[in-house]
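The entries follow in the order I made them.

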Amino acid sequence: MNFHAKVASDIEGLSHQVDPLSRRGFFLAASAAAAAGYTLAAGPVRADAIHTETSGLTVGDAKVKVADGEMPLYYARPANVQNPPVILVAMEIFGLHEYIKDVTRRLGKLGAFAAAPDYYFRTGEDLPKLMPFVNKKPDAELFSDLDATVAWAKSQGGDTNRLGIIGFCRGGRTVWEYAAHNPGLKAGVAFYGSLVDPETQKSIWPKNPIERAGEMKAAVLGLYGEADQGIPVSQVETMKTALKDAGKTFEIKIYPGAPHGFHADYRASYRKEAAEDAWNQMIGWLKKYQVLA
């Protein structure tokens, strides 16, 4: 069995990252990064990570009832706006930390009721110990958690008839999977989401995104890096072929020279030009498929 079959591709992509910008003063001290709410499990945190202010937004933490308890969630929505569209934010493997919260605020600034559920909450572990746990989470439980988040957002006045989802890294895989699960989803955007799962995961991850291509119920945009060491371009091309053969609505864009995590502005993998273009592609996609106005 080769290495790709044993290790989830998003984790492998992260493990091959090389810091091209490591110079004194470029990264925050660990204490400052932790104080700012970033996970240290992902490595050094860039000092110039994007910070989105809360002006014009209602933001906060909430609890969502799920089958076996209450799931923490962070949300951002435009203040004093009725019936905003709902966009789920699917986390990286590093959990619900400041980068994901900031992305949630950015979506709020676009007019969405953005909700980022902490669906790894059951582990009860600190983030550095989280990674082994994320591979034990069954897709069925993940879907249930996301469905509960949608129901919560609707109860809070969100317009779930305009439902979207975006996700990064492992959350990008979640986008593909949830687009095959929820017929009420309008559109999704997967940032470097893994497309092939380790065979050892079959009992809890029954089908990988490529195997679910024919089941897609929403329009999905996939955004990938040519230099991603965990998700080779050949895999992305296989996904494109599967979606095309199934007659699904999709687009996939591959950024030349971009590594895994190119949108993660707090990490050394960040590539500003690709990240900004990908964000604009996301906005256009969500507008085209009537999630954003």
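I began with the rule for a salt bridge: a side-chain nitrogen of Lys or Arg within 4 Å of a carboxyl oxygen of Asp or Glu. The model is predicted, so I noted that local features need pLDDT of at least 70 and side-chain atom pairs pLDDT 80 or more, while totals for chains, interfaces and linings use all residues. Residues are numbered from 1 along each chain as its sequence is written, and side-chain values use heavy atoms, with hydrogens and water left out.

**Entry 1: salt bridges**

I looked up the count and got 22 salt bridges. I then took some of them one at a time.

The side chains of Glu211 and Lys202 meet at 2.7 Å, N to O. For accessibility I used these classes: buried is under 20% relative accessible area, exposed is over 50%, and partly exposed is in between, with a 1.4 Å probe and protein chains only. Glu211 is partly exposed at 40%, and Lys202 is partly exposed at 32%.

Next I looked up Glu92, which pairs with Arg267, the closest N and O atoms being 2.6 Å apart. Glu92 lies in the loop between β3 (85-90) and α4 (98-109) and Arg267 in the loop between β8 (250-255) and α9 (272-288), so the pair ties together parts that are 175 residues apart in sequence. Helices (H or I, at least four residues) and strands (E, at least two) are DSSP runs, numbered from the N terminus. Is Glu92 buried or exposed? Glu92 is buried, at 0% relative accessibility. Arg267 is buried too, at 2%.

Arg122 and Asp68 form another salt bridge, with 2.8 Å between the closest N and O atoms. Arg122 sits in the loop between β4 (113-117) and α5 (131-134), and Asp68 in the loop between β1 (57-66) and β2 (69-78), so this pair joins parts that are 54 residues apart in sequence. Arg122 is partly exposed, at 23%.

I also found a network of salt bridges that links Asp139, Arg173, Glu177, Asp197, Lys207, Arg212 and Glu215.

**Entry 2: a histidine**

His260 lies in the loop between β8 and α9. It is buried, at 1% relative accessibility. Its side chain makes a polar contact (a pair of N or O atoms within 3.5 Å; within protein, one must be able to donate a hydrogen and the other to accept it, and residues adjacent in sequence count only if both atoms are side-chain atoms). The partner is the side chain of Asp228, at 2.6 Å.

**Entry 3: the cavity**

A cavity is a set of points on a 1 Å grid over the protein atoms alone where a 1.4 Å probe fits but cannot get out, and lining residues have an atom within 4 Å of a point. How many cavities of 30 Å³ or more are there? I got 1. The largest cavity has a volume of about 70 Å³, which is the space filled by probe spheres set on the points, these being joined across faces, edges and corners.

Its lining includes Tyr120, Trp205, Asp139 and Arg173. The largest share, 3 residues, comes from α7.

**Entry 4: helix α7**

Of the 12 residues, 11 are buried, so α7 is largely enclosed by the rest of the structure. Among the buried ones are Arg170, Arg173, Trp176 and Glu177.

Note on methods: On a 1 Å grid over the protein atoms alone, a cavity is a set of points where a 1.4 Å probe fits but cannot get out, and a pocket is an open set with protein on both sides within 12 Å along at least five of seven lines; lining residues have an atom within 4 Å of a point.
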